[in-house]
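Thanks for asking for a reading of this model. Below is a set of numbered points to follow with the structure open beside you.

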Amino acid sequence: MVTIKNDKEIEYMRESCRIVRETLEFVGRNIRAGMTTKEVDELVYKYITSCGAYPSELGYEGYPASSCVSVNEVVVHGIPNDRVLLDGDIVSVDITAEKNGFHGDACRTFLIGDVSEEKKRLVKITKECFFKAIEGLQAGVPLYNISNAVQTHAESNGYGVVRALTGHGIGREMHEDPAVPNYGKRGTGMRLRAGMTICIEPMINMGTWKVYQDRNDGWTIYTADGKPAAHYENTVLIKEDGVEILTL
């Protein structure tokens, strides 16, 4: 069921989303080659809790960390561990924070040291996919216009669009209706309504769109061909005449 937020609830979400934004900025200032992904996760936990918020991912369906830290061929849900970040890596850090009963969610893909032009382009196009998706977005627009915009921009640049995972609604729960796919037919899907809050999150692969899940940990999602992936996400408020990006 899609939830429509009132003014007070939107203010609570702005607060959670501000914490998410600031946490990612903090990570961006500190992430570097030689760190482990677990050390990145410690930065996330430290900052979110210092703001009087809770890292929503910690304990979610048994998830053991405060963030998802996904390196190179890991698309999403990378569990922080002793993997050391190397010069030339790209690293997606996906975080969610809860305060006052409401969640904010965003992801950034960081460049570690001297990154290849090929990887830089992937990260750039993935971010562009998000901004293509919100062009003309407002109440009354079909949901899958978002999906089609992401797919069109990614595929026109030669990349694969992940189909097994989607964006989502967000509010009192970290994951709410509706699902927000990154592929679809323009002009279809439910009509967006003012007061909806959704996470738009392009997950784009350098090669095939196909992925697989680690059978041992039950979380980590890899590209099927071992090529890099990038991820860019924001929490977005739908308004009558446009959108507000709550995590920017």
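1. A definition to begin with: the expected span of a helix is 1.5 Å times one less than its number of residues. Please keep in mind that this is a predicted model. Helix H1 covers residues 7-30, 24 residues in total. From the first C-alpha to the last, H1 reaches 35 Å, close to the 34 Å expected.

2. Look next at the start of H1. Here a side-chain oxygen of Asn6 comes to within 3.1 Å of the backbone nitrogen of Lys8.

3. Which residues of H1 are buried? They are Glu9, Ile10, Met13, Ser16, Cys17, Ile19, Val20, Glu22, Thr23, Leu24, Phe26 and Val27. An α-helix has 3.6 residues a turn, so residues three or four places apart point the same way. That is a handy thought to carry while you follow the list along the helix. The cover over the buried residues of H1 includes helix H2 (37-50) and the strands E4 (90-99), E5 (102-111), E9 (197-200) and E14 (234-239).

4. Strand E4, one of the elements that cover H1, deserves a visit of its own. How many of the ten residues of E4 are buried? Eight of them are, and the strand is mostly covered.

5. Now for the strands that pair with E4. Strand E1 (residues 54-55) runs antiparallel to E4 and is joined to it by two bridges; Pro55 has Ala97 of E4 as its bridge partner. Strand E2 (residues 68-71) is also antiparallel to E4, with four bridges between them, and Ser70 stands opposite Ser92.

6. E4 and E5 are joined over ten bridges, again in the antiparallel sense.

7. Asn72 has a phi of about 55° although it is not a glycine, and its place is in the loop between E2 and strand E3 (74-76). His77, also not a glycine, has a positive phi of about 65° and lies in the loop between E3 and E4. Are these residues buried or exposed? Asn72 counts as buried because its relative accessibility is 11%, under the 20% limit. His77 is at 23% and therefore counts as partly exposed.

8. Tyr232 sits in the loop between strand E13 (229-231) and E14. Because its relative accessibility is 6%, Tyr232 counts as buried. Leaving aside residues up to four places away in sequence, Tyr232 touches Cys107, Arg108, Thr126, Lys127, Phe130, Phe131, Ile200, Glu201, Pro202 and Leu248. The side chain of Tyr232 also makes a polar contact, at 3.3 Å, with the side chain of Asn234. As for Tyr222, it is ten residues from Tyr232 in sequence, and their C-alpha atoms are 16 Å apart in space.

9. What kind of peptide bond joins Asp177 and Pro178? The bond is cis, with omega about 0°.

Notes:
Residues are numbered from 1 along each chain as its sequence is written. This is a predicted model: local features need pLDDT of at least 70, side-chain atom pairs count only at pLDDT 80 or more; totals for chains, interfaces and linings use all residues. Side-chain values use heavy atoms; hydrogens and water are left out. Buried means under 20% relative accessible area, exposed over 50%, partly exposed in between (1.4 Å probe, protein chains only). Contact means heavy atoms within 4.5 Å. A polar contact is a pair of N or O atoms within 3.5 Å; within protein, one must be able to donate a hydrogen and the other to accept it, and residues adjacent in sequence count only if both atoms are side-chain atoms. Two strands pair if DSSP finds at least two bridges between them.
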